[in-house]
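Hi,

Here is the structure I promised to send over.

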Amino acid sequence: MGAVLAMRSLVFGAALLALGGCAQLENLSNTVTLSGSRSAGQGATAPTATAQGEGVGVKVVTQTAPARGLEVVIPSRDANATLSLAGRNGTVETWRTDDDITVSVDRGVVVATRGLGDDLMAADSGPTLAALRGTKIGAYRRTYRFLTADNHSDYVLLGCEMTTAGNETLAGQNLLRHEEKCSNPKMTVTNIYWTNKKGRIQAGRQWVSPTVGQIAIGVLN
């Protein structure tokens, strides 16, 4: 785990919000709980298990100049960091710490990580985005790709369904909460997305690998 993620461990948990391109993360004062009373299952755990670090407190502060960065929280590492934009490939943006830990995001859906030790090599985002738009109704599949110890690809196929859990006020913003439950015979995970009135993901809590578990991101548009 890199020094940048390790040094900023005062704010950690299972959810993080950064809104509207003009927000920054602060800690310890004027906090709001993003996770509420509901919880998402940590990767590869029983469906009734709760995520580690439930209930992170954040404060969103309006600034005159837009902040640029992706706020990332990793509950299993008790760590958080602000990542800078490193590059774009179509709709996928890759965000990086100073010590080369990266998170790649497709319009709010995490599709890859690097430098975490048990990385997500790739994940599809299309089915999730279609379900959030309402253009895909009912069950759908998502594929996650990992590397084995002998450097071979290992694919995890999950059957998923998206439900709308209702409106939640997060940091003064009225957002719509969506819960994506994905499972196969060996595991069940729940991803959570908060979207604004335009349907854009503003925050999310998403599973990335069996060891890392879930990470929370705040998307700065």
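This is a predicted model: local features need pLDDT of at least 70, side-chain atom pairs count only at pLDDT 80 or more; totals for chains, interfaces and linings use all residues.

Let me start with Gln206, which counts as buried because its relative accessibility is 3% (buried means under 20% relative accessible area, exposed over 50%, partly exposed in between, with a 1.4 Å probe and protein chains only). Residues are numbered from 1 along each chain as its sequence is written, and side-chain values use heavy atoms, with hydrogens and water left out.

Back to Gln206: you'll find this residue in strand S14 (residues 201–209). Strands here are DSSP runs of E, at least two residues long, numbered from the N terminus. The Gln206 side chain reaches the backbone nitrogen of Val110 at 2.8 Å. Leaving out residues up to four places away in sequence, Gln206 also touches several others, including Asn191, Tyr193 and Gln214 (contact means heavy atoms within 4.5 Å).

Next, the aromatics. There are 2 aromatic pairs in the structure; rings of Phe, Tyr and Trp (its six-membered ring) pair if their centres lie within 6.5 Å, with planes under 30 degrees apart counted as stacked, over 60 as edge-to-face and the rest as tilted. Tyr144 and Trp207 sit edge-to-face, 5.1 Å centre to centre with 75° between the planes. Tyr144 is buried at a relative accessible area of 1%, and Trp207 is buried at 2%. Phe146 and Trp207 are edge-to-face as well, at 5.9 Å centre to centre and 75° between the planes. Tyr144, Phe146 and Trp207 make up one aromatic cluster.

So where is the disulfide? Cys160 and Cys182 form it, with their sulfur atoms 2.1 Å apart (the cut-off for a pair of cysteine sulfur atoms is within 2.5 Å). Cys160 is in strand S11 (residues 153–170) and Cys182 in strand S12 (residues 173–184), so the link ties together parts 22 residues apart in sequence. Both cysteines, Cys160 and Cys182, are buried.

Last, a hairpin. Strands S4 (residues 70–74) and S5 (residues 79–89) run antiparallel, joined by 5 bridges (strands pair if DSSP finds at least two bridges between them). There are 4 residues between S4 and S5, and Asp78 in the turn has a positive phi of about 50°.

Cheers

Key
A polar contact is a pair of N or O atoms within 3.5 Å; within protein, one must be able to donate a hydrogen and the other to accept it, and residues adjacent in sequence count only if both atoms are side-chain atoms.
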